[in-house]
Each structure stands twice: as structure tokens, then as C-alpha cells.
Amino acid sequence: MTYRTGQVVDVTAGEVAHGGWCVARPDDGPVIFVRHALPGERVLARITDVTTRLARAEAIEILAASPDRVEPPCPHARPGRCGGCDWQHADLAAQRSLKAAVIRQQLRRLAGLDTEVTVEPLPGDADGEPDAGLGWRTRVQFAVREDGVAGLRAHRSHEVIDIGRCLIAHPAITELGLTGRRWEGVASVEALVATGSGERAVIISGKTKRGGGEIPVSAIGADSVLRRSGPGLTPLRGRPYLSQHAAGRDWRVGAGAFWQVHPGAADALAGAVTAWLDPQPGDVVLDLYCGTGLFAGVLAPAVGPGGTVIGVEADQAAVRDARHNLREWPWARVHRGDVAALLRPEGARVALPAARLVVADPPRSGLAREIVEYLGAPENGAVRFAYVSCDPATLARDIGLLTARGWALSGLRAFDAFPMTHHVECVASLGRLRAGLGLGGALSRDVVAKTGDAGQQALVFQDAQRLGAGLPGVPVLLAEGGDGRRRHPGREGALGDLPAQHRGQAHVGSGVRFVAYRHSRTVLDWQYCQSQRFDTSRD
Ligand SMILES: C[S@@+](CC[C@H](N)C(=O)[O-])C[C@H]1O[C@@H](n2cnc3c(N)ncnc32)[C@H](O)[C@@H]1O
């Protein structure tokens with residue numbers, strides 16, 4: 001059966017899919033990606049779009065509702081209306097579970113890892129707090145219609161919806177009253193607020209006359225009003241930057257530069273990155289895609305004058321701010337340019353010192369291939385990598401590439417930095433396996449058995465303590481008990497004895513056996529495992 005746009009079908013929504021969809025798999029037709037539904041719900045869905053392989057639809061009537069369903073607080077979060085929020089019809093805890101499911105799914109599909117994931121609420125959004133999940137968005141871009149109305153776009157459409165008030169916008173943005181004006185001749189109007197200082201800026205893009213013209217610049221109640229002209233911003237009034245507050249200090253951030261939009265996100269991410277990298281005096285750290293220097297700025301004081309922090313950022317204005325924000329620590333410097341070009345061995349214009357610690361916070365497209373190659377080369381010296389990501393799919397893809405190159409996923413924290421939407425922010429902690437463990441000859445002597453069924457492969461090592469000692473925080477399993485004399489210790493003793501809650505944790509005990517299963521893609525290069533001849537009958 002094929003579908004046509006506008007057709008209404010009765011379907012049961014299945015698992016969640018990246019992007020704010022649930023997947024329905026009717027017996028008699030192609031897969032349908034349904035918006036405004038929740039897993040398990042039976043809905044009437046209107047087909048919005050058909051391709052050769054799938055259809056997209058939106059649930060227009062709920063025939064059997066999920067217990068997680070709530071009334072969306074915004075009247076525009078409905079089929080055919082605003083495309084900004086994907087999950088307003090789920091309660092906040094369910095939204096976080098859906099995001100966790102997507103991250104798990106992507107890691108399984110693209111990196112071959114089974115990982116427990118919890119999405120943590122940021123301050124102000126814990127369940128039960130008043131207005132949890134609303135009023136957090138500190139940057140909103142309103143598109144402007146032909147008639148001058150500033151609104152938000154419908155889902156997968158250029159249509160601009162007159163929303164009046166956006167409920168996820170920070171109240172300080174709503175107070176500017178931008179949607180109550182007419183913006184003739186303007187393409188978009190963007191508002192941002194720095195919640196620490198209370199400063200606000202408005203950026204107008206497209207044709208406009210300077211103050212006194214059609215746009216009454218003096219009547220806009222923001223500290224700064226700027227005009228976007230090409231890649232740059234021209235102040236019409238006030239300063240071109242805001243003072244943000246995070247990680248216990250102030251940051252100068254240009255109105256056009258990147259800054260996390262949830263007021264609690266910069267703090268949470270800086271904390272997670274620092275906790276994993278654990279910078280020590282004298283360390284050398286790379287902060288790739290450093291923006292205005294948030295991570296470099298929390299790492300620089302920790303490495304001290306004996307250390308070095310190098311930020312890399314392409315945007316000229318962000319580089320200026322980062323240099324300003326890091327001026328207190330002369331051992332922290334910022335290189336302006338494309339990360340990929342810098343790390344390409346033949347194209348490097350600056351000599352990079354061997355960095356023990358690396359953090360990267362790329363755009364949605366994920367890590368440039370050059371970063372993967374750089375991290376994959378042990379001679380570059382990186383042993384810990386904090387990967388900050390706003391896209392679970394590219395994150396999982398890159399983790400898969402790194403685990404095939406001697407890295408292990410040690411942990412993953414996920415933050416609900418965009419409540420009501422399908423977006424989520426992750427910090428993946430990766431550790432480099434000690435040379436020789438994943439690829440070297442020492443391994444084959446240590447492996448005494450390979451056991452398990454498909455998907456439950458286990459490798460059992462002779463000397464767990466020695467192997468484990470070099471792997472702080474690496475997700476390996478230690479089997480407690482089992483004297484190693486059994487024919488298949490991984491299956492009979494080690495694997496079975498291991499309590500589920502210890503899976504994925506690093507335990508280094510004395511004289512116990514070390515078992516990696518499923519995580520063996522992480523602990524060892526899977527290709528390597530496959531290519532070895534393990535003698536499964538040997539004790
Ligand atoms: C997600 S932001 C992260 C900024 C910073 N870590 C923070 O938390 O504020 C990504 C940054 O990467 C920069 N960027 C994008 N592509 C780049 C590239 N190819 N090379 C260097 N920087 C790039 C953007 O200008 C942006 O500042």
C-alpha cells in the first residue's frame with residue numbers, strides 16, 4: 001500500500017526515533033514517522049509527506065493514550081502548528097526517557113554499544129518545579145512574515161506561525177514584546193538574554209533603516225540592538241556582546257557567538273567535562289571548537305602556568321571573546337581557524353604540543369574526520385577525551401570510529417538542555433586504552449578464553465589486575481569469583497556472577513579475572529578480536 005499526503009491512517013506508534021518522531025510499522029504499508037504521538041499510542045495520523053521509503057505524519061486524534069501524555073501547555077504545540085517543540089504532549093520525565101532511548105538506540109546502531117543512559121534535568125526543570133520545562137530558552141529567533149508579523153516556523157515548513165508568546169522563551173525575552181510589533185522589511189528578529197547579568201540584545205536581519213526609520217530602534221527595550229550584515233553584526237545601539245555568568249565567573253560573549261541557550265547548561269557541561277578530564281598542574285589540553293572559551297577557561301586555572309591550554313575556533317568574533325576571557329592565564333591561547341585544517345598533518349600552521357587531555361564541542365555535524373584520525377594516533381599522546389555533543393547520531397557515529405581506534409567509552413552524561421524539544425546535550429567520556437591492550441601482542445597471551453553467544457561475546461583475561469590498572473574509568477567488567485580453571489569461565493562463572501549494576505563499570509580488584517562482553521568493542525578493537533584465533537577450550 002502507498003500513502004498520499006493528507007490521507008488519515010489508523011496506526012499504533014512504536015519506538016521513538018531521533019528527531020521527535022515515533023515509528024509506526026503498519027502491516028500493509030511502508031514505515032510511518034509520526035509526530036505528536038507517544039510510543040504505544042493508537043492514533044489517527046494525517047500523512048504530511050511521502051518518500052519512496054517512508055511517510056511522515058502527525059497524530060491528529062489519540063485513540064488510545066499513553067499514561068505519559070499531558071495536555072501541551074502551549075496552544076501552538078499542535079499538529080500543523082509551531083515546529084519548535086516536539087514533546088510538549090509528554091510529561092517531563094517521559095520526555096527525558098524518550099531522549100535517553102534515542103541516545104541508547106544511536107549508540108547501539110552506530111557504535112555497537114549497549115549503554116545505560118539517564119537524561120538529567122537542569123536546574124529549574126526538575127519534575128514538580130513550577131513552570132519546569134518552560135521559560136528556559138535564552139535565545140529565540142523569530143522569522144518575519146510578509147505582513148511584518150514575527151513568529152515561529154511550522155514544522156518542516158517556511159510558513160511563519162503568529163505565536164504571540166513562546167512558552168519556552170525566557171521571560172526576559174517575552175518582556176521585549178517583539179512579537180507584538182510589525183517588522184516590515186525585516187527577515188528575522190532574534191532576542192537573547194544573559195540571565196546572570198540580565199543584559200539583553202536584539203539582532204535584526206534583513207533590510208531595515210537605521211533608528212528613526214521603519215524599525216524604532218530606540219523603542220526596543222534591550223541593552224543592545226544590532227543589525228546582521230553578512231557574517232558580522234553592526235551595533236545600532238549598545239555593545240555587541242553580553243556578560244554571561246557560568247562556572248563561577250563572568251564571560252564576554254558576542255551577541256552572534258555561540259553560548260548554551262539553557263541558563264543551567266554551561267555550568268553543567270563545564271562540570272562534566274572537568275570531572276572526566278581531571279586536569280592536573282602541568283597538563284596540556286586541547287579545546288576544539290572552543291567558542292568563547294568556556295571549557296578552556298575552566299581548565300586553564302587547573303593546569304596552571306606549567307601547563308598549556310590551546311583553544312581552536314573558526315569564528316573571528318568568538319576568538320576575540322575567547323582571548324579576552326582567557327587573558328588571565330597566559331598559558332591558555334586560542335588558535336583561529338578550522339579544526340580540521342589545524343589537525344591535518346600536512347596543513348598544520350601551528351605546531352601542537354602533545355595534549356594528554358582533549359575536549360571537543362562540535363556543531364551538529366560532529367567531529368571532523370581529522371579529529372578522529374588525530375585521536376586515533378597514539379603518538380599524539382591524548383589519553384582522555386571529553387566529547388560534548390548536541391546530536392546523538394553524530395556522537396554515536398564518532399564514538400564508533402574512536403572505539404575502533406583504541407578508545408573506550410567510559411561514561412556518558414546527558415542533560416535535558418532543551419526541554420519540550422527533541423534536542424539533548426551529551427558529554428561522552430572516552431579513555432584511550434593502554435598501548436598493547438587493544439592492538440598489541442601482549443593481549444593474546446592474556447586472553448585465555450572466548451565464550452558466549454552472538455551478542456554476548458566474552459573475552460577472559462589471565463591477569464585482570466595488570467590489564468585493568470592502566471584503564472581508570474574504562475567500562476570493563478570484572479568477574480568476581482571463578483577460579484579460572486573452568487572450561488568457559490566467562491559463561492559459567494564470570495559473566496553469570498556479575499551483578500547487572502556492575503556492568504559497564506570499572507572495577508580493578510586483585511587476582512580476579514577481567515571480562516569484557518558486549519563492551520568488547522569498547523575494550524578491544526572488535527576487528528582485532530575477530531581476527532584472532534582464540535582457543536576456547538584452553539584453561
Ligand atoms: C557548539 S559550539 C561550542 C562552543 C563552546 N564550546 C561553548 O560551549 O560555548 C561550536 C563552536 O564551533 C565553532 N566551529 C564550527 N565549525 C568549526 C570548525 N570547522 N573549526 C573550528 N571551529 C568551528 C563554532 O563557531 C562554535 O563556536
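Of the contacts in the chain with a separation of 6 or more, 60% are between residues 24 or more positions apart; two residues are in contact if their C-beta atoms, placed from the backbone, lie within 7 Å. This is a predicted model, so local features need pLDDT of at least 70 and side-chain atom pairs count only at pLDDT 80 or more, while totals for chains, interfaces and linings use all residues. Residues are numbered from 1 along each chain as its sequence is written.

Switch to cartoon view. The chain has 13 helices and 27 strands, where helices (H or I, at least four residues) and strands (E, at least two) are DSSP runs numbered from the N terminus. Of the 539 residues in the chain, 48% are buried. Buried here is a residue with 20 or more other C-beta atoms within 10 Å of its own; 12 or fewer makes it exposed, and anything in between partly exposed, with C-beta atoms placed from the backbone.

**Stop 1: the core**

Select Val 34, Val 202, Val 273, Val 358 and Ile 371. Within the largest nonpolar core, which has 146 residues, these five touch the most other members. A nonpolar core is a set of buried Ala, Val, Leu, Ile, Met, Phe, Trp, Tyr and Cys residues joined through C-beta atoms within 7 Å.

Zoom in on Val 202. Leaving aside neighbours within four places in sequence, Val 202 is in contact with Leu 176, Val 189, Glu 190, Ala 191, Ile 220, Ala 222 and Val 225.

**Stop 2: β20 and its partners**

Val 358 takes you to strand β20 (residues 357–360). Leu 357 and Val 359 point one way and Val 358 and Ala 360 the other, and all are buried. What does β20 pair with? One partner is β17, in the parallel sense, over four bridges; two strands pair if DSSP finds at least two bridges between them. Look for Asp 287 opposite Val 359 in β20.

Strand β21 (residues 384–389) also runs parallel to β20, joined to β20 by four bridges. Here Leu 357 stands opposite Arg 384, and Ala 360 has Tyr 387 as its bridge partner. Show side chains on β21: Arg 384, Ala 386 and Val 388 lie on one side, Phe 385, Tyr 387 and Ser 389 on the other, and all are buried.

**Stop 3: two crossing helices**

Select helix α1 (residues 92–111) and helix α8 (residues 392–403). Their axes come within 8 Å and cross at roughly 40°; axes are lines fitted to C-alpha atoms, for helices over the stretch in contact, and angles run from 0 to 180 degrees between N-to-C directions. The crossing is right-handed, as the near helix is turned clockwise from the far one by less than a right angle.

For the contact itself, pick Val 102, Ile 103, Gln 106, Leu 107, Leu 110 and Ala 111 of α1, and Pro 392, Ala 393, Ala 396, Arg 397, Ile 399, Gly 400 and Thr 403 of α8. Colour them by type and you get nine nonpolar, three polar and one charged. For this count, Ala, Val, Leu, Ile, Met, Phe, Trp, Tyr, Cys and Pro are nonpolar, Asp, Glu, Lys and Arg charged, and the others, Gly among them, polar.

**Stop 4: an open sheet**

Next, find the seven strands that form an open sheet in the order β10-β9-β8-β11-β12-β13-β14, with mixed pairing. Its edge strands are β10 (160–161) and β14 (232–237), each pairing on one side only. Inside the sheet, β8 (residues 139–144) and β9 (residues 150–153) run antiparallel and are joined by two bridges. Val 144 stands opposite Ala 150 in β9.

Move on to Arg 156, in the loop between β9 and β10. Arg 156 has a positive phi of about 45° although it is not a glycine. Buried or exposed is Arg 156? Exposed, with 11 other C-beta atoms within 10 Å.

**Stop 5: α4 and what follows**

Finish at helix α4 (residues 294–303), where eight of ten residues are buried, including Phe 295 and Val 303. Gly 304 follows α4, with a positive phi near 70°. Pro 305 sits in the loop between α4 and β18 (308–313) and is exposed, with 11 other C-beta atoms within 10 Å.
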